[in-house]
Amino acid sequence: MCFSPTASFVATGVLGSIGVATWRHVREPRTVLFASVPMLFAFHQFCEGMVWLGLEGRIGPLALNHFAFLFTLYAQGLLPTLMPAAVALMEPRGWRRNAIVGLTVVGAVASAWDAYGLIFVPSRVFVDHFSIAYRNPLTGNLWISLLYILATCGALLLSGHRVIRTYGVVNVIALTIVQIVRSYAFASVWCFYAAIMSVMIYWQFRRNTIRIGTPAKNAALAS
């Protein structure tokens with residue numbers, strides 16, 4: 001969603017710093033994947049910065065294609081599985097974890113479909129209203145998009161950890177706003193806002209409000 005390569009690289013630096021700071025506050029191995037979200041989004045913004053450079057003709061078309069592929073592969077081919085898996089790892093035994101594991105399987109279906117489309121079907125990348133738009137005939141499938149949203153947002157909303165549910169609600173609000181205002185560049189814009197909201201993840205790890213096996217206590221700690 002950044003309007004220039006400079007803005008994308010600044011976002012990369014900020015998110016990378018947040019990612020390192022978040023890792024420093026990890027106390028339990030099962031939270032590592034979720035704590036890695038800010039750093040993964042930092043890499044994501046770096047890829048978009050390189051895409052900007054390619055669209056401006058400052059790097060070659062081969063490099064542009066590779067970075068555009070990496071950007072979309074993370075956003076569409078990995079995130080639908082990664083996000084619910086990260087949440088499932090932090091849940092204690094019970095119906096919530098079972099449901100989130102189910103959503104991880106749903107996300108894996110969306111990931112496999114999108115990854116197949118990105119690998120075997122040519123994509124288009126272009127600037128539309130000062131944002132980067134990514135188009136692929138297969139990844140734009142309505143049903144796959146619904147599975148994507150169900151897996152990524154549903155897992156967050158089902159979590160027994162209050163702070164993760166809050167992160168999920170904010171993500172749903174951002175998703176809805178982006179779809180209404182900037183649907184032509186949905187992947188770029190929503191991922192940017194999700195990256196910015198990674199600050200919430202850092203803050204909660206810093207305050208130690210995500211504790212494996214005791215999500216009920218998290219509500220009191222986060223209050």
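View A. Phe120 has a relative accessibility of 57%, so it counts as exposed (over 50% relative accessible area, with a 1.4 Å probe and protein chains only). Keep in mind that this is a predicted model: local features need pLDDT of at least 70, side-chain atom pairs count only at pLDDT 80 or more, and totals for chains, interfaces and linings use all residues. Residues are numbered from 1 along each chain as its sequence is written, and side-chain values use heavy atoms, with hydrogens and water left out.

**View B. Phe41 meets Tyr74.** Here's one of the six aromatic pairs in the structure; rings of Phe, Tyr and Trp (its six-membered ring) pair if their centres lie within 6.5 Å, and planes under 30 degrees apart count as stacked, over 60 as edge-to-face and the rest as tilted. With ring centres 5.7 Å apart and planes at 85 degrees, Phe41 and Tyr74 are edge-to-face. Phe41 sits in helix 3 (residues 37-55) and Tyr74 in helix 4 (residues 61-90), so this pair ties together parts that are 33 residues apart in sequence; helices are DSSP runs (H or I, at least four residues), numbered from the N terminus. Phe41 is buried at 1% relative accessible area, and Tyr74 is buried at 5%, where buried means under 20%.

**View C. Tyr116 beside Phe120.** The centres of these two rings, Tyr116 and Phe120, are 4.8 Å apart and their planes are at 40 degrees, so the pair is tilted. Tyr116 and Phe120 are four residues apart in helix 5 (residues 95-120), separated by about one helical turn. Tyr116 is partly exposed, at 49% relative accessible area.

**View D. A Phe cluster.** Phe9, Phe46 and Phe67 come together as one aromatic cluster.

Note on methods: Helix = DSSP H or I, 4+ residues; strand = E, 2+ residues; numbered from the N terminus.
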